[in-house]
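Trainee: Please walk me through this structure. I would like to learn how to read its features one at a time.

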Amino acid sequence: MSIHLGQAGVQMGEAIWTQYGLEHGIGMDGQRMAEMADGCDTQFHECPAFYSENGEGRYVPRAVFIDTEPMVIDQLQAAEIGELFNPDYLVRGKEDAANNYARGYYSLSHRTLVGALEAIRQMAEDADNLQGMLLYHSFGGGTGSGVTAHLLQQLEEEFPRKTRLSFSVYPSPYLCTSVVEPYNTVLMTHRSMNSMECSFMMDNQAIYSICSSRLAIERPSYANLNQLIGQVVSGVTASLRFGGDLNVDMSEFQTNLVPYPRLHFPLISFAPIITCENVNHENHDIGAMTRQLFEPACQMVRCGSPRRGKYMACCLLYRGHILPKDINEAIASIKATRSVRFVDWCPTGFKIGINAMPPKMAPNGDLAPVRRCVTMLASTTAISDAWSNIDEKFDTMYRKRAFVHWFVGEGMEMQEFSEARENLACLEMDYREAGSSGCVRQ
């Protein structure tokens with residue numbers, strides 16, 4: 001089940017379900033596609049894990065969209081893809097959360113989540129066997145932080161044995177969409193620390209940099225960013241949607257990527273990221289693609305220098321015709337380099353997934369069509385730099401108690417600020433301790 005929350009979650013959802021439709025041969029109206037926009041025949045691949053069939057040949061996404069105000073979901077319904085989604089699962093309120101975690105959590109979530117939880121229960125009942133939930137949201141928005149934190153607590157109570165994973169847009173170091181992002185991020189992370197099993201991190205600035213430097217897009221728009229996110233999410237979920245030689249299911253992600261319960265914030269990398277102009281001049285072998293994943297320029301989060309951090313675990317998800325022998329050679333080459341360091345208490349370090357279904361790029365999209373690609377989910381101690389950055393901004397504002405009255409006015413207690421900041425300081429320390437037990441390369 002996919003749950004899209006707030007403006008970021010809804011807009012990501014539009015790009016992600018467009019990508020899934022391309023790969024499964026399902027059109028914008030939920031019917032099988034006869035042929036692609038570029039004239040090529042497209043093959044239909046049934047996907048009961050992500051789409052339900054209504055008995056008349058129409059496929060409906062197992063997705064719920066939630067926002068506290070109607071505008072973004074209205075835009076989704078008015079878009080070409082709007083007809084694909086069940087209107088009963090598009091849940092919108094009447095008031096904006098105004099970039100305020102407390103407004104989302106204390107004031108608006110109770111009203112908005114009544115309809116949302118009813119839709120989620122209905123979808124869970126219709127499923128033969130609910131494996132888990134994928135949530136899409138941002139840390140910095142009012143709905144993405146406050147409503148998501150409240151929903152996670154409710155899901156933990158109602159579906160305690162189901163996996164909860166999220167794709168989260170993290171605040172960028174220099175590119176901010178709201179002044180109170182640090183407050184929202186710290187408060188949301190504190191509140192949902194024990195409710196979320198694994199949260200895959202990406203930030204807009206890192207994705208902007210990829211679009212401008214790697215894809216030569218002069219002025220990237222959110223449509224460009226979301227198209228790249230759609231491709232990355234598709235790489236992560238491919239093994240849940242297609243059969244493969246070495247598939248990875250939802251519970252395997254957390255088992256292999258979360259060494260300790262609190263350290264559940266892996267970063268994402270994707271390769272190859274190349275334009276149509278360069279596709280015939282780039283090296284596409286497995287070794288080159290795997291090396292690219294460890295380059296800061298291909299990583300979806302800006303966290304200082306990843307070379308300073310140590311990897312605790314890496315999950316490499318390959319797509320296309322790929323031999324295990326080539327992957328083993330690529331990993332051996334990575335382990336032999338001095339620039340990629342692993343903690344000394346995790347001798348294996350790598351989880352591998354292989355899916356024979358090649359990636360499919362959007363017609364006239366930014367990414368060049370390729371026959372194979374790889375997505376990496378990596379638990380690294382370098383992510384503590386991202387938390388340090390947001391904590392520093394939090395401290396600068398909270399020292400002067402700036403903007404605090406907006407949060408307290410929505411029913412939040414001042415003590416929650418201190419508790420949340422203390423929890424995040426412990427998280428930073430946990431990451432540092434995980435990497436400080438030695439510098440032995442594996």
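Mentor: Start with one ion pair. A salt bridge puts a side-chain nitrogen of Lys or Arg within 4 Å of a carboxyl oxygen of Asp or Glu. Here the side chains of Arg-164 and Glu-197 form one, at 3.8 Å from N to O. Arg-164 sits in strand β7 (residues 163-170) and Glu-197 in the loop between α5 and β8 (198-203), so the pair ties together parts 33 residues apart in sequence. Helices (H or I, at least four residues) and strands (E, at least two) are DSSP runs, numbered from the N terminus.

Trainee: Before going on, what kind of model is this, and how are residues numbered?

Mentor: This is a predicted model: local features need pLDDT of at least 70, side-chain atom pairs count only at pLDDT 80 or more, and totals for chains, interfaces and linings use all residues. Residues are numbered from 1 along each chain as its sequence is written, and side-chain values use heavy atoms, with hydrogens and water left out.

Trainee: Where is confidence lowest and highest among the elements?

Mentor: pLDDT is the predictor's confidence in each residue, from 0 to 100. The protein averages 90, and 96% of the residues score at least 70. Helix α8 (residues 250-257) has the lowest mean, 90, and strand β1 (residues 2-5) the highest, 98. Over residues 438-442 the pLDDT is below 50; beyond near neighbours in sequence, that stretch has 18 contacts in the model. Contact means heavy atoms within 4.5 Å.

Trainee: Back to the first pair. Is Arg-164 buried or exposed?

Mentor: Buried means under 20% relative accessible area, exposed over 50%, partly exposed in between (1.4 Å probe, protein chains only). Arg-164 has 3% relative accessibility, so it counts as buried. Glu-197, at 21%, counts as partly exposed.

Trainee: How many salt bridges does the rule count?

Mentor: The count is 18. Among them is Arg-241 with Glu-23, at 3.0 Å from N to O. Arg-241 lies in helix α7 (residues 222-241) and Glu-23 in helix α1 (residues 6-24), so this pair ties together parts 218 residues apart in sequence. Both Arg-241 and Glu-23 are buried.

Trainee: Which residues of helix α9 are buried?

Mentor: They are Ile-286, Gly-287, Ala-288, Met-289, Thr-290, Gln-292 and Leu-293. That is seven of the eight residues of α9 (residues 286-293), so the helix is largely enclosed by the rest of the structure. Its buried residues pack against α6 (204-214), β9 (267-271), β10 (311-319), α10 (324-336) and β12 (373-380). At the start of α9, a side-chain oxygen of Asp-285 comes within 3.0 Å of the backbone nitrogen of Gly-287.

Trainee: Now the domains. What does the domain assignment give?

Mentor: Domain bounds come from an automatic or database domain assignment. Here it gives domain 1 (2-386) and domain 2 (387-436). Their C-alpha centres lie 26 Å apart.

Trainee: How much area do domain 1 and domain 2 bury between them?

Mentor: Buried area is the accessible area (1.4 Å probe) that two parts lose on being put together, summed over both. Domain 1 and domain 2 bury about 3,100 Å², 65% of it on carbon and sulfur atoms. In domain 1, Tyr-183, Val-186 and His-190 lose the most area to domain 2, together 23% of what that side buries.

Trainee: How many salt bridges cross that interface?

Mentor: The rule finds three between domain 1 and domain 2. Elsewhere in the list of pairs, Arg-191 and Glu-416 meet at 3.0 Å, N to O.

Conventions: A polar contact is a pair of N or O atoms within 3.5 Å; within protein, one must be able to donate a hydrogen and the other to accept it, and residues adjacent in sequence count only if both atoms are side-chain atoms.
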